[in-house]
Amino acid sequence: MSIETISLSGRKVQVSNKEMTFLERLYLVAIVKGLLITLKHLFSRKVTIQYPEQVRTMSPVYRGQHMLKRDEQGRENCTACGLCALSCPAEAITMKAAERKANEKHLYREEKYAEIYEINMLRCIFCGLCEEACPKDAIYLTTSKVLVPSSYEREDFIFGKDKLVMPLEMAMKNAQLNNAN
């Protein structure tokens, strides 16, 4: 068995270098085939939607804006373990852990909390690995259609806890819905 006959994929094809005929050199057949494809697409159904009037249905696996959850008492779930930052392939998440003080028991669940939690939305690829890695279920990607508002400044795309933490009213509403179930 020679090296020329070995193929790892099993799809090795011998390429021939035959002379092209006169019609093949004119490329008329290829041009007619291309025009037929163009005509076929000309009469097919259009996929464009008129956005404000028509809204496209979102995929069931759609991942939108990040949000840091709170528990039923309004305390942050995040314990600054750093697993979300480690699992992020784009390295978009940075955090700094701090110890909870005695007068902050109503704000944080555990003794350790994320003093600084930032997501660089310019780097984020919305893959959802941070959501899967979190053991406390503290971060999740919402189904909101609003992703990142446009801006001219790079600093506006670094979301801190002020933009990421779930509003207190929403946390209380979620707790009421969970208790009702």
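In which loop is Asp137 found? In this predicted model, Asp137 is found in the loop between helix H4 and strand E4 (139-141), where helices (H or I, at least four residues) and strands (E, at least two) are DSSP runs numbered from the N terminus. The structure is a predicted model in which local features need pLDDT of at least 70 and side-chain atom pairs count only at pLDDT 80 or more, whereas totals for chains, interfaces and linings use all residues. Residues are numbered from 1 along each chain as its sequence is written, and side-chain values use heavy atoms, with hydrogens and water left out.

Asp137 has a positive phi of about 55 degrees, although this residue is not a glycine. Most residues other than glycine have a negative phi. Asp137 is partly exposed, because its relative accessible area is 40%; buried denotes under 20% relative accessible area, exposed over 50%, and partly exposed the range in between (1.4 Å probe, protein chains only). A positive phi of about 55 degrees is also found at Ala80, again not a glycine. Ala80 belongs to the loop between E1 and H3 and, with a relative accessibility of 6%, counts as buried.

The strands E2, E3 and E5 form an open sheet of 3 strands in the order E2-E3-E5, with antiparallel pairing. Two strands are taken to pair if DSSP finds at least two bridges between them. Strands of a sheet pair through backbone hydrogen bonds, either parallel or antiparallel. Strand E2 (93-99) and strand E5 (158-159) stand at the edges; each has a single partner strand, so one side of each is left without a neighbour in the sheet. E2 and E3 run antiparallel and are joined by 7 bridges, and Met95 has Tyr117 in E3 as its bridge partner. Strand E3 (residues 112-120) pairs with E5 in the antiparallel sense over 2 bridges. Opposite Phe159 in E5 stands Ile119.

The UniProt record, an unreviewed entry, carries the annotation "binding site" for Cys88, Cys124, Cys127 and Cys130. These residues are spread over 43 residues of sequence but cluster in space, the largest C-alpha distance being 10.5 Å. UniProt positions are given in the numbering used here, feature names are shortened, and annotations may be inferred rather than shown by experiment. Cys88 occupies the loop between helix H3 (83-87) and E2, and its relative accessibility of 12% places Cys88 among buried residues. Cys124 is located in the loop between E3 and helix H4 (129-133) and is likewise buried, with a relative accessible area of 14%. When neighbours within four places in sequence are left aside, Cys124 is in contact (heavy atoms within 4.5 Å) with His66, Ala92 and Ile119.

Gln65 lies in the loop between H2 and strand E1 (66-68) and is buried, with a relative accessible area of 13%. Beyond its neighbours within four places in sequence, Gln65 contacts several residues, including Met121, Tyr140, Leu141, Thr142 and Phe159. Thr142 lies in the loop between E4 and E5 and is buried at a relative accessible area of 10%. Not counting residues up to four places away in sequence, Thr142 touches Tyr62, Arg63, Gly64, Gln65 and Met67.

On the surface, a nonpolar patch is formed by Met20, Phe22, Leu23, Leu26, Tyr27, Leu28, Ile31 and Leu35, which together have about 820 Å² of accessible area. Helix H1 (22-26) and helix H2 (28-42) are the elements that give two or more residues to this patch. Patches are made of residues with over 30% relative accessible area and no salt bridge, like charges being joined within 9 Å and nonpolar side chains (Val, Leu, Ile, Met, Phe, Trp, Tyr) within 5 Å. A salt bridge is a side-chain nitrogen of Lys or Arg within 4 Å of a carboxyl oxygen of Asp or Glu. Accessible areas come from the Shrake-Rupley method with a 1.4 Å probe, and for residues only the protein chains shown count as cover. Tyr27, one of the patch residues, is found in the loop between H1 and H2 and counts as partly exposed at 48% relative accessibility.
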